[in-house]
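Here are a few exercises to work through with the model in view. Try each one yourself before reading its solution.

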Amino acid sequence: MNNDIIKNTAAHSLNNLQQILNDFLPGGIIKGNEYVVRNPKREDKGEGSLKINLQSGKWGDFATNDIGGDPVSLIAYLEGVSQGDAAKKLNEKYNLSCISG
């Protein structure tokens with residue numbers, strides 16, 4: 001997938017970020033400007049290590065040092081897919097219109 005499509009998807013998905021987080025990472029809480037949730041990729045005993053900035057979409061699991069800069073990379077991480085596949089999934093699920101044809 002074209003890097004421009006991935007970048008555009010990342011930018012457009014910020015408008016739907018809270019819905020995306022509720023769909024892919026339910027049960028989190030908002031603390032300040034961050035969505036804080038248990039990491040479903042590992043045994044996480046308590047919320048707090050996986051945090052997503054609600055304005056920038058940057059995220060990190062500070063217990064494992066997994067980090068990313070946007071919602072596309074977060075979905076790729078969570079789903080175990082490429083960023084291209086994550087961008088496609090976000091475009092389809094949220095009608096972001098970043099992919100034509």
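**Exercise 1.** Find the hairpin formed by S1 and S2, and say which residue in the turn has a positive phi.

Solution. S1 and S2 make a hairpin with two residues between them, and in the turn Gly-32 has a positive phi of about 65°. Strands here are DSSP E runs of at least two residues and helices are H or I runs of at least four, numbered from the N terminus. Next, look at the pairing, which needs at least two DSSP bridges: S1 (residues 29-31) runs antiparallel to S2, joined by three bridges. Ile-30 sits opposite Tyr-35 in S2.

A quick note on the source: this is a predicted model, where local features need pLDDT of at least 70 and side-chain atom pairs count only at pLDDT 80 or more, while totals for chains, interfaces and linings use all residues. Residues are numbered from 1 along each chain as its sequence is written, and side-chain values use heavy atoms, leaving out hydrogens and water.

**Exercise 2.** Carry on from S2 to S3: how many bridges pair them?

Solution. Four bridges pair S2 with S3, in the antiparallel sense. Across this pairing, Tyr-35 stands opposite Ile-52 in S3. Now bring in Leu-21: leaving aside neighbours within four places in sequence, Leu-21 is in contact (heavy atoms within 4.5 Å) with Pro-26, Tyr-35, Ile-52, Leu-54 and Leu-74.

**Exercise 3.** Which residues of H2 and H4 meet?

Solution. From H2, take Gln-19, Ile-20, Asp-23 and Phe-24; they meet Lys-89, Leu-90, Lys-93 and Tyr-94 in H4. By type, the residues of this contact are four nonpolar, one polar and three charged.

Definitions and conventions: Ala, Val, Leu, Ile, Met, Phe, Trp, Tyr, Cys and Pro count as nonpolar, Asp, Glu, Lys and Arg as charged, and the others, Gly among them, as polar.
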